[in-house]
Amino acid sequence: MKGNVNGPVAVLGLGTMGAGLAGRLLEQGVPVRVWNRDPHRAAPLAEVGAHVAGHPADAVAGTSAALCVVSDGEALGAVLHGPHGVLADGPYPGVLICASTVAPDEVVQIAGEARSVLDVGMLGNRDHARDGELRLFAGGDKRVFDAARPLLETLGKEVVHLGVLGSGMRMKLLLNLLMGIEVQALAEATELAGACGLDRQQVLKTIAGSGFASPVMAFKSRRLAAGRFDEPDFRLRLMAKDLMLASKQAATVGLSLPLATAAAETHVRATEQGLGDQDCAAVTRALAPKPETDT
């Protein structure tokens with residue numbers, strides 16, 4: 001372990017990243033209390049020593065830190081302030097770490113009067129979460145960050161304090177904006193190749209091996225080549241949410257981001273077509289040409 005963690009630690013939300021974080025902590029010998037809206041997701045963690053709680057307030061009882069890793073602002077608000085929420089009956093005495101990707105201002109509003117809060121943007125996938133290889137970008141009071149640093153260093157290979165509360169989410173939205181645009185650009189190039197008669201597999205291999213491809217494009221090229229978007233690394237509907245949040249952030253500061261706006265519209269359309277729970281690379285299916293119809 002990279003630092004001393006005065007556990008136990010609560011993990012609220014056991015999706016792709018939350019389950020990975022909980023598994024990492026258990027592997028490092030940290031006592032973990034978990035909660036998930038669907039309790040069946042907690043079963044594998046219970047088998048390796050996690051305490052499964054019936055509601056968020058129960059999960060955080062006696063813990064030194066609580067990691068909230070739910071899907072959006074509405075879910076985060078419910079976990080903190082809803083019935084049996086973490087803050088429903090008063091302050092939480094430990095460090096509250098909001099690792100859910102939400103609007104930066106929403107973190108501040110949801111946190112309310114909570115004393116020790118960080119927002120943490122996580123860069124990486126489920127394998128990185130499980131192996132302690134995430135890059136973590138935190139916003140919040142420096143004193144709170146210093147207290148949480150040993151825990152964060154157990155979970156990530158790089159831990160950076162960016163500034164005031166909300167800074168972690170701002171960084172996360174910027175990173176996801178880049179990923180969304182890059183994956184859509186890769187998908188567009190591939191669809192154009194197929195439509196023009198080029199071999200898609202050869203095109204993807206060429207792009208992935210070129211200097212034009214970012215690491216994420218090279219990684220996602222394998223999904224596009226296989227045409228398999230199940231067991232997602234990052235769900236398309238979450239990418240749509242984050243691109244919309246980034247576009248809204250831009251609007252509040254008077255910026256026009258045409259690429260982000262276009263990518264957000266494409267991802268929203270793909271979600272409306274039923275692709276939301278597939279991997280974000282499935283955006284390629286929203287680009288396929290529409291069949292011609294007789295008029």
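1. A quick word on terms before anything else: a residue is called buried here when its relative accessible area is under 20%, exposed when that figure is over 50%, and partly exposed in between. With that cut-off, 48% of the 295 residues of the protein count as buried. Do keep in mind that this is a predicted model.

2. Overall dimensions. The C-alpha trace spans about 65 × 45 × 40 Å along the principal axes. As for contacts between residues at least 6 apart in sequence, 63% of them join residues at least 24 apart.

3. Surface and charge. The accessible surface comes to about 14200 Å², and carbon and sulfur atoms account for 55% of that. There are 28 positive side chains and 32 negative ones, with the centres of the two sets 4 Å apart.

4. The sheet. The protein has twelve helices and eight strands. Eight strands make up an open sheet with mixed pairing, in the order β3-β2-β1-β4-β5-β6-β7-β8. The edges belong to β3 (51-52) and β8 (156-163); each has a single partner strand, so one side of each lacks a neighbour in the sheet.

5. Around β4. Strand β4 (residues 65-68) pairs with β1 (residues 9-12) through four bridges, and the two run parallel. Opposite A65 in β4 you will find V9. Strand β5 (residues 95-98) also pairs with β4 over four bridges, again in the parallel sense, and here L67 faces I97 of β5.

6. Which faces of β4 are covered? Both are: A65 and L67 on one side, A66 and C68 on the other, and all of these are buried.

7. Strands β6 (residues 117-123) and β7 (residues 134-139) run antiparallel and are joined by five bridges. L123 stands opposite R135 in β7. In general, either sense of pairing works through backbone hydrogen bonds.

8. K172, worth a look on screen. This lysine belongs to helix α8. Is K172 buried or exposed? K172 is buried, because its relative accessible area is 10%. Leaving aside neighbours within four places in sequence, its contacts are T101, G121 and M122. A46, by contrast, is 126 residues from K172 in sequence and 30 Å from it in space, C-alpha to C-alpha.

9. T101 sits in the loop between β5 and α5 (104-111). With a relative accessible area of 12%, T101 is buried too. Not counting residues up to four places away in sequence, T101 touches S71, D72, M169, K172, L173, K241, D242 and L245.

10. L192, also in α8. The helix covers residues 167-195, and L192 is part of it. L192 is exposed, because its relative accessible area is 54%; K172, in the helix as well, is buried at 10%.

How values were computed. Residues numbered from 1 in each chain as written. Predicted model: local features only at pLDDT ≥ 70, side-chain atom pairs only at ≥ 80, totals over all residues. Heavy atoms only, no water. Buried < 20%, exposed > 50% of the residue type's maximum accessible area, 1.4 Å probe, protein only. Contact = heavy atoms within 4.5 Å. Areas by Shrake-Rupley, 256 points an atom, 1.4 Å probe, with all protein chains shown as cover. Lys, Arg positive; Asp, Glu negative; His and termini not counted. Charge placed at Lys NZ, Arg CZ, Asp CG, Glu CD. Pairing = 2+ DSSP bridges.
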